[in-house]
Amino acid sequence: MPLEMALNRQESDEALDELLRTAAERCAHAPGALQVEGEDVLTFLRRYYRNVPVEDLADRDPVDVYGPAMAHRHLAQHRPQGRALVRVYTPTLEECGWDPGRTVVQIVTDDMPFLVDSVTTELDRHEIGTHLIVHPQMRVRRDMTGELLGPDQENMTGQVVRESWMHIEIDRQADHAVLKELESDLQRVLLDVRCAVEDFAKMRALAVQTAEDLAVNPPPLDPAQVEDSMELLRWLADGHFTFLGYREYRLEDTDGGAALRGLPGTGLGILRADKAGSASFAALPPKVRAKAREKQLLIVTKANSRATVYKPHYLDYVGIKVFSPEGEVIGERRFLGLFTTWRTTSRSPASRSCGASSPRCWNVPGCRPTATTARI
């Protein structure tokens, strides 16, 4: 690092520390101020704001530096394992003792990939502007019930957890119903992120296993089609696909025509919750549903819904049909996610497995878009 940059960084760090020191001295002992039990206030403020540029806080009243951090610490006091805490509110001086002039989103959850992108994407979906993000990764200790343990409780048994604390200031919202709706939607998104991250390795392994199954027991189709499908699955598993959901389905004949039934216990990621069937598939016209029995091994297209995890793109849909010993289509293994390679070439498995004239290829990244989507 050049000397001038190092000096500027040192000056910035010193200015931030002075700002935090002032906030701690003026606010910590004020009547009604929230406190940090068992931990020095300034030490906590330093941990909380350590990645925030001093310019983002320089014009603030000390109470608007102290207040958000203490409120966040209070929210984090009790968090059961595997749960995300979300609070969306509009603080006022009368109720909270601080007021940044905006609505505040505060989140406490396990640290994992995709969190900031997924949360800000959901805020964008609500058409709400974002003004400040404070995002410390906090190393904390909790007891078996999820209670936060302070530095003065070293004698108590606890588990060290790496957590993501997010404080996001957004456009001011006056409608209480909007706050509750946003809180609920962010909880849903955080659950999707958790499911996708926890099941990522399993979904990737299933892509590899599906390719191996095709090699050992290929369906009665053109061997080149089977080989291309196997290569595509391995290519996806080799870092070219962000796996977000998986489920296996069985195709059944009903009085209303063909129906897809999800196999209990096969759902992973954003498809982890078991469902009896596919309502969107059932809503398709009978002639369209009949195409599910066409002897075409691979389906690569866009789903009809956007990802709630990572990026707000329409989900990429990769389906591998399952065949009976008699060679009839009886189901499907469905992978949902996002291609990480956004430009395919003639040498990529994604392009070769489809072919330029195949409708299956039209929605693979880099290929011609179409209005045709797969329903999930």
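How many residues apart are Arg125 and Glu122 in helix 5 (residues 115-125), and what part of the helical repeat separates them?

Reply: Arg125 and Glu122 stand three residues apart in helix 5 (residues 115-125), which means about one helical turn between them. Helices here are DSSP runs of H or I with at least four residues, strands are runs of E with at least two, and both are numbered from the N terminus. The model is predicted, so local features need pLDDT of at least 70 and side-chain atom pairs count only at pLDDT 80 or more, while totals for chains, interfaces and linings use all residues. Residues are numbered from 1 along each chain as its sequence is written, and side-chain values use heavy atoms, with hydrogens and water left out.

The two residues form a salt bridge whose closest N and O atoms are 2.7 Å apart; the term denotes a side-chain nitrogen of Lys or Arg within 4 Å of a carboxyl oxygen of Asp or Glu. Buried stands for under 20% relative accessible area, exposed for over 50%, and partly exposed for what lies in between, with a 1.4 Å probe and protein chains only.

The structure holds 26 salt bridges. In one of them the side chains of Arg333 and Asp213 meet at 3.1 Å, N to O. Arg333 belongs to strand 12 (residues 329-339) and Asp213 to helix 6 (residues 176-216), so this pair ties together parts 120 residues apart in sequence. Asp213 is partly exposed, at 28% relative accessibility.

Asp17 and Arg46 also meet through their side chains in a salt bridge, at 2.6 Å from N to O. This pair links distant parts of the chain, 29 residues apart, with Asp17 in helix 1 (residues 3-27) and Arg46 in helix 2 (residues 41-49). Asp17 is partly exposed, with a relative accessible area of 23%, and Arg46 is partly exposed as well, at 33%.

A network of salt bridges links Arg79, Asp110, Arg142, Glu163, Arg194, Glu198, Asp199 and Arg272.

Helix 2, the element that carries Arg46, also meets helix 3 (residues 63-75): their axes come within 10 Å and cross at roughly 90°. Axes are lines fitted to C-alpha atoms, for helices over the stretch in contact, with angles from 0 to 180 degrees between N-to-C directions.
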